[in-house]
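Please read the following note with the model open beside it. It is arranged as numbered points, each on one topic.

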Amino acid sequence: MPENLFVPGDVPYMEIRLFGEFSVRVNGLGVPPARWKLRSAKTLIKLLALAPHHRLHREEVMELLWPDRGPQAAAHSFHQTLYVARRALAPDRSLEGHFLGFREEIVSLGPRTSLWTDVGVFTGAAETARRSKDPAEYEAALAPYADGLLPEDRFADWSASAREELRKQHLGLLMELGEIYETRQCYGAAINTHSLALGDDPFQEEVHRSLMRLH
């Protein structure tokens with residue numbers, strides 16, 4: 001049996017990557033680009049993947065995606081987008097409600113699936129690293145960040161808040177890791193880590209001072 005074959009009766013699962021290039025895998029198989037027939041369908045999945053508990057009210061989605069449209073036009077766009085996004089995630093219509101739900105004006109991602117996101121991995125690993133103070137845990141937490149949140153949407157208003165929050169988390173991890181390396185007298189690793197932090201934010205005076213001291 002092929003490794004990625006979904007067996008009816010299994011719990012459906014979905015993987016979403018938001019750092020670097022956006023991608024979605026459903027039951028182990030990637031959603032091909034051609035299946036996203038509307039840009040807004042992809043954006044809806046991104047919004048929900050970043051939202052608390054992966055849920056948003058219909059009015060929130062409409063305000064974020066179509067702020068300049070009237071209520072009727074925005075509602076029409078919402079339902080069209082929801083339909084396209086559901087079909088992109090589940091060409092088998094019997095499963096579409098598993099991956100993208102809509103009930104009582106709430107649209108939810110993965111209501112009946114096992115859902116994995118790299119942003120969730122990053123934030124969870126960051127908490128683990130800060131509790132452990134283990135450099136290996138910090139390195140593991142930093143790894144998923146790659147090129148930051150959704151570079152293709154770097155100028156989109158809806159992504160600005162999440163992008164800045166994740167950037168601050170990433171920068172904080174780098175600065176903390178640099179300090180840990182310095183405390184352990186791993187000066188080369190400390191210099192490299194602080195240099196990465198400056199690449200993220202060149203105006204961090206504390207990091208500049210640390211680098212001068214280390215050199």
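1. Basis of the note. This is a predicted model, in which local features need pLDDT of at least 70 and side-chain atom pairs count only at pLDDT 80 or more, while totals for chains, interfaces and linings use all residues. Residues are numbered from 1 along each chain as its sequence is written, and side-chain values use heavy atoms, with hydrogens and water left out.

2. Overall composition. The protein chain contains nine helices and seven strands. Along the principal axes, the C-alpha atoms fill a box of roughly 60 × 50 × 30 Å.

3. Of the 215 residues in the protein chain, 46% are buried. Buried means under 20% relative accessible area, exposed means over 50%, and partly exposed lies in between, with a 1.4 Å probe and protein chains only. Among contacts (heavy atoms within 4.5 Å) with a separation of 6 or more, 56% join residues 24 or more positions apart.

4. Terms for helix pairs. Two packed helices are described by the angle between their axes and the distance between the axes. Here the axes are lines fitted to C-alpha atoms, for helices over the stretch in contact, and angles run from 0 to 180 degrees between N-to-C directions. Angles under 35 degrees count as roughly parallel, over 145 as roughly antiparallel, 65 to 115 as roughly perpendicular and the rest as oblique. A crossing is left-handed if the near helix is turned anticlockwise from the far one by less than a right angle, and right-handed if clockwise. For residue classes, Ala, Val, Leu, Ile, Met, Phe, Trp, Tyr, Cys and Pro count as nonpolar, Asp, Glu, Lys and Arg as charged, and the others, Gly among them, as polar.

5. Helices α1 and α2. The axes of helix α1 (residues 39-50) and helix α2 (residues 58-65) cross at roughly 125° and come within 11 Å. The two helices are therefore oblique to each other, and α1 passes α2 in a right-handed crossing. On the α1 side the contact involves S40, T43, L44 and L47, which meet V61, L64 and L65 in α2. By class, this contact of α1 with α2 has five nonpolar, two polar and no charged residues.

6. Helices α1 and α3. Helix α3 spans residues 71-89, and its axis and that of α1 come within 8 Å, crossing at roughly 75°. The pair is therefore roughly perpendicular. From α1, S40, A41, L44 and I45 meet T81, L82, V84, A85 and L89 in α3. These residues divide into seven nonpolar, two polar and no charged.

7. Helices α6 and α7. The axes of α6 and helix α7 (residues 157-183) come within 10 Å and cross at roughly 155°, and α6 and α7 are therefore roughly antiparallel to each other. Their crossing is left-handed. P135, Y138, E139, A141 and L142 of α6 make the contact with H170, L173, L174, E176, L177, I180 and Y181 of α7. The contact of α6 with α7 has nine nonpolar, one polar and two charged residues.

8. Two buried helix residues. R58 lies in helix α2 and is buried, with a relative accessible area of 15%. Not counting residues up to four places away in sequence, R58 touches A75, F78, H79, F102 and E105. A125, in helix α5 (residues 118-132), is buried as well, with a relative accessible area of 19%. The C-alpha atoms of A125 and Y138 are separated by 7.7 Å, the two residues being 13 residues apart along the chain.

9. H54, in the loop between α1 and β4 (55-57), has a phi near 60°, a positive value in a residue other than glycine; H54 is partly exposed at 22% relative accessible area. K133, in the loop between α5 and α6 (135-142), has a positive phi of about 60° although it is not a glycine, and K133 is partly exposed at 44%. A34, in the loop between β3 (29-30) and α1, is exposed at 64% relative accessibility.

Conventions:
Helices (H or I, at least four residues) and strands (E, at least two) are DSSP runs, numbered from the N terminus.
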